[in-house]
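Trainee: I would like to go through the terms used for this model and see what each one rests on.
Mentor: Then ask about them one by one.

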Amino acid sequence: MDQMNYQNKKVLVYGWARSGKAVYQLLKKIGARVYVTTDEKPDDLFDDVNFVDDIDESFDLLVKNPGIRYEKEIIKKALNLNIPVITEVQVALDQFKGELLAVTGSNGKTTTTTLIGKMLKADNVDVKVGGNIGIPVSELLLADIQPRVLMLELSSFQLLGAQNIKPKIAVITNLFASHIDFHHTRENYLRAKFSITQHQTKDDYLILNDSSSDSKDFAKRSQADDYYFSPTNTSVNTYVNDGIIYFDDEKIIDLSKIVLVGEHNLENILAAITAAKIFGVSNRAIEKVLTSFTGLEHRLEPVGVIEERTVYNDSKATDIEATQKALASFKEPITLIAGGLDRGDDLNRLVPNFQNVATLITYGQTKNKLQIAGQKAGIEETVVVDNLKEAVSKAKKLSKPGQVLLFSPAAASWDQFPNFEIRGEEFKKMIKNQEAWS
């Protein structure tokens, strides 16, 4: 794996969000000649920024925000001029000399990354955690002293522009059809995901979900030593048997001691244990984390028991698979609020998962499709409203004491909210408003 030398290179940073600012500072620090462009000139540019409106053949490199599409004219122009287009992840990792652990997948990336990072810290490992989880990798490396370990969550957007990375341990939590609006085809999406192991060697490790056929294909094409996890298959490396989690037949922890709820989180836990054990983390540190970590905000987040309903905020459920996992986490009757951006997904895939849903309240662009799916499932009460505020108001009136009130949209937020975090915050505010409970 050849690392790029940025000294005196003329680099254009495209985008001025947190990652753009971080990579600008890092590129300046390592001696590049840095310019910035955006679709609209921002008001918060640093005083020393050279802002340009376009790219030309004098540039050596374009570093784009991971979420910016490759159809943008300036990116197409760069590629036509044979100027490499990468993301800030590649720039940062070209400077990093320590050990890299990286997690990707369709769902569960953030929880798995967080768990591994906490397990390493609990064993006093010098580690910094970042990437798609919220802190740009470039920001982690601005300090003069680098950490021994980087623990990164990497999205398909980031991986597509970081084709030269080589993690010591790579984790792929699961693989579904996701972000097809960005990648256009499932094959393109999987190709981006494979980048996490593209340059691994036989001395590296690739951790995979045993239930995924795509994982088996990845293992065949990767040079890394493959490890598998499964909550149902006891013939893999990390598994569950009679209420106990094992790694290579060594007892790790009783399930009854783990405080993080959700069937899907069990897969995340198994993936994290596999990475931690390969790294050499002690069972004591693993148990310390799993007996205290209750989960992340907006991911099946307990909001509280309110008016005898147990309320969960799962705003991060931006696809069907995440909502399927959330619904499978409860045996109690559920009042479900769902809806959001219509990406053209077949929402009838949720029908088998609606068996515990007593009341379905839908809103947003997918509201009618979800209602049809609910009716096919035989849900007694389905209600269609226009927005989340109306949905929460209906949920307060129609849910019953003893039920779970679950907000798990099965869709992205962008039809009515800037992101899933703001959507989740709004949900919690509306729920905690004591008015209008029946």
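Trainee: What volume does the largest cavity have?
Mentor: The largest cavity has a volume of about 310 Å³. The model is predicted: local features need pLDDT of at least 70, side-chain atom pairs count only at pLDDT 80 or more, and totals for chains, interfaces and linings use all residues. Residues are numbered from 1 along each chain as its sequence is written, and side-chain values use heavy atoms, with hydrogens and water left out.

Trainee: Which residues lie nearest the centre of the largest cavity?
Mentor: Asn107, Gly108, His264, Arg299 and Lys316, out of 23 lining residues; a lining residue has an atom within 4 Å of a point. α4 (109-122), α10 (263-279) and α12 (320-327) are the elements that give two or more residues to this lining. Helices here are DSSP runs (H or I, at least four residues), numbered from the N terminus. α10 provides the largest share, four residues.

Trainee: How does the lining of the largest cavity divide by class?
Mentor: It has six nonpolar, 10 polar and seven charged residues. Ala, Val, Leu, Ile, Met, Phe, Trp, Tyr, Cys and Pro count as nonpolar, Asp, Glu, Lys and Arg as charged, and the others, Gly among them, as polar.

Trainee: Why is α4 called oblique to α10?
Mentor: The two helices pack at an angle of about 40°, with their axes 9 Å apart. That angle makes α4 oblique to α10, because angles under 35 degrees count as roughly parallel, over 145 as roughly antiparallel, 65 to 115 as roughly perpendicular and the rest as oblique. Axes are lines fitted to C-alpha atoms, for helices over the stretch in contact, and angles run from 0 to 180 degrees between N-to-C directions.

Trainee: Which classes make up the contact of α4 with α10?
Mentor: Its residues are 11 nonpolar, four polar and no charged. Contact means heavy atoms within 4.5 Å; among those that meet are Leu115 and Met119 in α4 and Ile269 and Phe279 in α10.

Trainee: Why is α10 called roughly antiparallel to α11?
Mentor: Their axes cross at roughly 155° and come within 11 Å. That angle makes α10 roughly antiparallel to α11. Ile269, Ile273, Ala276 and Lys277 of α10 make the contact with Asn283, Ile286 and Leu290 of α11.

Conventions: 1 Å grid on protein atoms, 1.4 Å probe; cavity = no way out; pocket = protein on both sides within 12 Å on 5 of 7 lines; lining within 4 Å. Points joined across faces, edges and corners; volume = space filled by probe spheres on them.
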